[in-house]
Amino acid sequence: MGLITAQGKQPLFSFGVVSDVQYADIPDGRSFLGVPRYYRHSILVLERAVQRWNSLQHLSFAVNFGDIVDGFCPKDQSLDSVKKVASKFEEFNGSVYHMIGNHCLYNLSRETLLPLLKIPSNDGCAYYDFSPIPGYRLVVLDGYDISAIGWPEDHPKSMEAMRILKEKNPNSDKNSPVGLEDLERRFLMFNGGVGKEQLKWLDHALQNATDKKQKVIICCHLPLDPGASSSEALLWNYNEVMDIIHKYKCVKACFGGHEHKGGYSIDSHGVHHRVLEAALECPPYSDAFGYIDVYDDRISLVGTGRMKSTDMVFDS
Ligand SMILES: [Zn+2]
């Protein structure tokens, strides 16, 4: 409302974004690679994000890119911690669309998590789409559809994931990429894949969007382009997903999380890939969140703190 940019155009719609809050009521720590993590501070980053989004007054919704509570959260506190973070999101004056990440699934089963975060569910899967205005559609993918975490051990999807990991990763610790080369380093237990049903659904959604002349923004916890992410954070079958996306011209940008340092690329088909910087890695008093202004010919991410602003102009 009344937000005019340098180009003199008003966005068609705008929405808030944040990723990898990974809150836990535990002392600060470090990632496997030694990067500091501020488990208690991250919920304050979220609090400031919601305050900022509310003060802007022109955001129609917000998207959380997953991993709201850290895997180190003591298990007897998982439910309360997820509820605590979810209620912070509820202080936003608009709808919040969540997606699940590996850390969410270390804490709670899909059965508990999905209703708690009001994620539309299809047989326990967490993929869905919605259309904020007639000309645009957001497609939210479930990157842990085929995964060794989150499903019961004897579930066909867990078994398929374990078969893939056994075939692709010879290490006894399936979270270790030791000995794996280049892009093969994505075959780690903390990643996952998009299953056949979901691939079919995605194809259908993109065909439908094309028919309706809608532009599409894809959201997935796991990054979909090697140019925007390290190999160790990519979706297992990012290539299959991108093959479907590239069949159509409707997808303009893919947003992700999971890779905490963030990233940006434009792929060979002109699709923008923006991986969002994690709230968890913000030292006290610093921030990482933002909002996205969507136009007919471009998308502008306006970042706060460690989240960099990115202007994504579409191929004409
Ligand atoms: Zn993650």
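Which residues are buried in α2? In the predicted model, the buried positions of α2 are S78, S81, V82, V85 and F89. These residues cover an arc of only 95 degrees around the axis, which puts them on the same side of α2. The face turned away from the buried side of α2 carries the exposed residues D80, K83 and S87.

UniProt, in an unreviewed entry, places the feature "domain: Calcineurin-like phosphoesterase" at residues 15–261. Over residues 15–261 the chain is 32% helix and 16% strand, and the end C-alpha atoms of this stretch are 21 Å apart.

An open sheet is formed by six strands in the order β6-β7-β8-β9-β11-β10, with mixed pairing. Strands β6 (128–133) and β10 (263–266) stand at the edges, each with a single partner strand, so one side of each is left without a neighbour in the sheet. Neighbouring strands of this sheet are turned against each other by 15 degrees on average, direction ignored. Within the sheet, β9 (residues 251–256) pairs with β11 (residues 272–275) in the parallel sense, over four bridges. In β11, R274 is the residue opposite which F255 stands. Helix α6 (residues 196–211) lies across β6, β7 (136–140), β8 (215–220) and β9, and α6 runs at about 175 degrees to β7.

Towards the end of this description, the surroundings of Y295 were considered. Y295 is located in the loop between β12 (288–294) and β13 (298–305). With 18 other C-beta atoms within 10 Å, Y295 is partly exposed. When neighbours within four places in sequence are left aside, Y295 is in contact with K9, P11 and L12. By contrast, a separation of 42 Å lies between the C-alpha atoms of Y295 and K174, which are 121 residues apart along the chain.

Methods
Residues are numbered from 1 along each chain as its sequence is written. This is a predicted model: local features need pLDDT of at least 70, side-chain atom pairs count only at pLDDT 80 or more; totals for chains, interfaces and linings use all residues. UniProt positions are given in the numbering used here, feature names are shortened, and annotations may be inferred rather than shown by experiment. Helices (H or I, at least four residues) and strands (E, at least two) are DSSP runs, numbered from the N terminus. A residue is buried if 20 or more other C-beta atoms lie within 10 Å of its own, exposed if 12 or fewer, and partly exposed in between; C-beta atoms are placed from the backbone. The arc is that of the directions from the helix axis to the C-beta atoms. Two strands pair if DSSP finds at least two bridges between them. Axes are lines fitted to C-alpha atoms, for helices over the stretch in contact, and angles run from 0 to 180 degrees between N-to-C directions. Two residues are in contact if their C-beta atoms, placed from the backbone, lie within 7 Å.
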